[in-house]
Amino acid sequence: MAKGVWIVAEQRYGAYRKISFELASTARKLADQLGEEVGAVLLGSGIEGIAGELGKYGVDKVYIADNALLEPYTTDAHAAAVARLVKEKDPSILLLGASVQGKDLSARLVGKLATGMATDCVDVKIVDGKLLALRPMYAGKCYGEVVTSSFPQMASLRPNVFPAVENSKTPEVIKFDPGLDPGQLKTKVLEVQKDTAGKVDLTEANIIVSGGRGMKGPENYVIIEELADVIGATVGASRAAVDAGWRPQKDQVGQTGKVVSPNLYIACGISGAIQHLAGMGTSKYIVAINKDPDAPIFARADYGIVDDLFKIVPELTKEVKKLLA
Amino acid sequence: MKQGGGSNAPIFLKNRCAMELSKFSVGNEGREVFWNAENFEGLLFAFTAVALAIFAYGLYKRWQMWTALGKPEVRNDNIQERIKLFFLNGLLQMKTFKDVYPGVMHGLIFFWFFVLIFGAAFDATEFHIAEPLGVPFMTGKFYLVFSFLMELFGLFVLIGVFMALDRRYIRKPDRLGYKGEADNTPDDAITLLLIGSIIITGFVIEALRIHVTNPPWEVWSFVGYTLSKAFAGVDNGTAEMLHKVMWWIHTSIALGFIAYIPYSRLLHIITTPANHFMASLKPAGNLEPIRDFETAESFGAGQLEDLTWKQIFDSDACTRCGRCQDGCPAYLSGKQLSPKKFIQDVKTYLLERAPLTVAAKKAAGKAGEGAGPEIPAPEKTMVGEVIDLHELWACTNCMYCMEHCPASIEHVPKIVNMRQYKVLTEADFASELQLTFRNMENNSNPWGIGSHLRSDWAKDLGIKTLAEDPDVEYLFYVGCAGSFDDRGKKVSAAFAKILQTAGVSFGILGTEEGCCGDSAMRGGNEYLSQTLMQTNIEVMNGYGVKKIICTCPHGYNSLKKDYPHFGGNYEVYHHTEIIDHLIATGKITLKKPVDGLFTYHDSCFLGRYNNIYDQPRTILASVPGMKLTEMERKLDKSFCCGAGGARMWME
């Protein structure tokens, strides 16, 4: 009988992604209801040191495979390692993040394990001893409840939805052999080219400050960057600003740029053309700063400031600084 | 003539010896065909036979290539219409004349060279038929007029050749190249030099003949006559010898020209008129739907064989004139795509692939029946390697290339077919496009806005949906932009107000309306576009819709031309047609003056696709106080905004 609520933890360069803690806390909750243990799979190279950290979020057992072939992440190596362990230990539930890496891994894994999975879930609970997952359908117009009839019951959880709740366990760290044969691995990572020095990618950012045509020129983005630095945000731009050559294309938010969904989106000097709204309309809170009271962005914004952004943005930076001090 | 007659008399006497041999005299003007080349006739026939054989062999080889690859397609229906196209565009070159200077240049060469060939045929008829029968016609006034015209036409051809040389090698317009680099090949120069030297040597021969025989009437052959003065002082023996040499040079070049045709750009003499004959008779921009979704294993055109024979043949009708490139929005905005290069790349690939297929078919034929040809697998993929993917996705489907191609080449359907392969077979396309497709699938609009919000623009405007009242004359199909985009919504509301004011009976579909499918179709997602179209058709047919008005040119074009493929047959109008009609019939009058200077930017899908140029202008002209001006690129030369062909949804 399958037993245990497991997660696949995500780490990059020896540091956990936030989703790992969200997964761990959620697994803890489910495991408590079932009266089972929480297991976590941690893969990588030189990661032994961080294994214990997962206990803080309620993990009982951390299965780690410390192997050069597992760093950096490749789909085939990670899928093979997780599948091997899961087949052996037979957990009842397996949770992954619906992050870029988690989406990639879960698809391969679900095939290897020949089981079912609910993707991009916003809630999971135990009903009649089984995992019931809630996932948005039709672009969020309704929710579907998914129950998987095979084991392990897999689900990928949408990042930034589940709370990371602190706990205080000292997990048991168990090393396992990922059983990797270098000859069998089809993917080799030759080189990693990192984008933006240390900045969070737009699609993963919690807060985004964007500037549009109203910025009037590339030099004025300084005030946007200052605000972003203070509140820990990533800087985005509208198509108008990108087309004008003020910002690089990778910063573009919108239909033909990045589709983002941060908790807070601050739009400065962006009118809110439909192509832009299509890329950020699902943000949790939208703040718009624009001189034009008729700008369509205000129809979508939770908070709107009708004023000159060159006056408001530095003021905002100053106030936040004060608040944080 | 007066002057010529007087001064020529002594010379006439001087050359009496030569003229005594001739049966021609003043009053019976003419010339001896094969003068000074009497014994060359046999050789000439032999050489002509060789030239024709080389020509025929080349054409046969080419024919094999045209028929080696490609899927079937009917292009010999409606012969009457096709003959008309052949006559208008092949012989009269109406499409070539659309661009005046190069049109005239080409006309000077084509028409008059063509006539000169007939002139030579006249000579041959005189010599081989008329004279032996005792009814020579190349005499007297007819001969003089004939001579004069032939001189004139020869001169025209020469002028045309010089214009072409000047254009190609001195003025070098961008269209005769790619990204500022001329794409001239030796063939271009050879062709022009061949034509030029046929004419020049012809004149020289004539001049030498006139110099020796010097009949007074040859002043009508004004070029040869003038040129003959250059030989003054050359004795008759030398002149006759020179004449023989030049005669052979002239003849060799002319025969070489014939033999050269199938191996050079001159092939367009055959392929281009043929392409006009086989031009699409479907409405502009028509895309043939994929019908076999259930059974097909591959969609669209990934390899050359996936194109139809006609689509492949197209590439051989291209002369690299570059008119397509001149107005291509992708090319002009610095993208890699040039419609000319695209067609030429297909052609180069055809010339690479077809011989292998021909050889394989031959081998299979030898191996006996049943053994199908083992056509070697292509070494490179057409879509991706022959045609760069950046080029493929840069096209906006604006139709400039097809509208202005003087060879009736159909670029756009090929591009869409290749996109279909990338999207439907390989599922390899831009992520932005994937987002758009998904939005269309989920919410039937490209932005992914909830489809239940589709008719919110019409709230409080007193517009009824067909569900509320299906008994209306027109369906106003609003479209995605008109339903969701802030500017578009204003257009929808304004147009609805116009209809209401004019008392037109109309309704909308409300939330039952879906995306028209144009972007999905032109973005290569034929499956999605058919799904969208069929959904709309079910709804519209359910209400018994007969007449539709669209504001968006893309929806208009799609409903008008794509929907009939799937059982959606409606009278489709653009709102400019309706408004124009309402103004003309006095149903609405424009009273409020509008100040300022305005211009009208022709939409590709209205203008080039549907020939709607006048109605928007007439409407604007009836606005009181409005000053109108035209932009440089207008009407069928209008410059694409860049959003067509699903480019709106790509970066």
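Which residues in helix 3 of chain B meet which residues in helix 9 of chain B? The views below take up this pairing and then others in a predicted model, in which local features need pLDDT of at least 70, side-chain atom pairs count only at pLDDT 80 or more, and totals for chains, interfaces and linings use all residues. Residues are numbered from 1 along each chain as its sequence is written, while chains are lettered from A and ligands numbered from 1 in the order in which they are written.

**View 1. Helix 3 and helix 9 of chain B.** Leu44(B), Phe47(B), Thr48(B), Ala51(B), Leu52(B), Ile54(B) and Phe55(B) in helix 3 meet Thr251(B), Leu255(B), Ile258(B) and Ala259(B) in helix 9, where contact requires C-beta atoms, placed from the backbone, to lie within 7 Å. By class, this contact has nine nonpolar, two polar and no charged residues (Ala, Val, Leu, Ile, Met, Phe, Trp, Tyr, Cys and Pro count as nonpolar, Asp, Glu, Lys and Arg as charged, and the others, Gly among them, as polar). The axes of helix 3 (residues 41-68) and helix 9 (residues 236-260) come within 7 Å and cross at roughly 25°; helices are DSSP runs (H or I, at least four residues), numbered from the N terminus, and axes are lines fitted to C-alpha atoms over the stretch in contact, with angles from 0 to 180 degrees between N-to-C directions.

**View 2. Helix 5 and helix 6 of chain B.** Helix 5 (residues 100-133) packs against helix 6 (residues 140-171) at an angle of about 145°, and their axes are 8 Å apart. The residues that make the contact include Trp112(B) and Phe113(B) of helix 5, together with Phe153(B) and Arg167(B) of helix 6. By class, 15 nonpolar, three polar and one charged residues take part.

**View 3. Domain 2 and domain 3 of chain B.** An automatic or database domain assignment gives domain 2 as 304-425 and domain 3 as 431-649, and the C-alpha centres of these two domains lie 33 Å apart. Their contact takes 15 residues from domain 2 and 17 residues from domain 3. On the domain 2 side, the largest share, six residues, comes from helix 17 of chain B, and the residues of that side divide into eight nonpolar, four polar and three charged.

**View 4. Chain B against chain A.** Here 13 residues of chain B are in contact with 11 residues of chain A. Helix 18 (residues 431-443) of chain B gives the largest share of the chain B side, four residues, and that side has five nonpolar, four polar and four charged residues.

Notes. Helix = DSSP H or I, 4+ residues; strand = E, 2+ residues; numbered from the N terminus. Contact = placed C-beta atoms within 7 Å.
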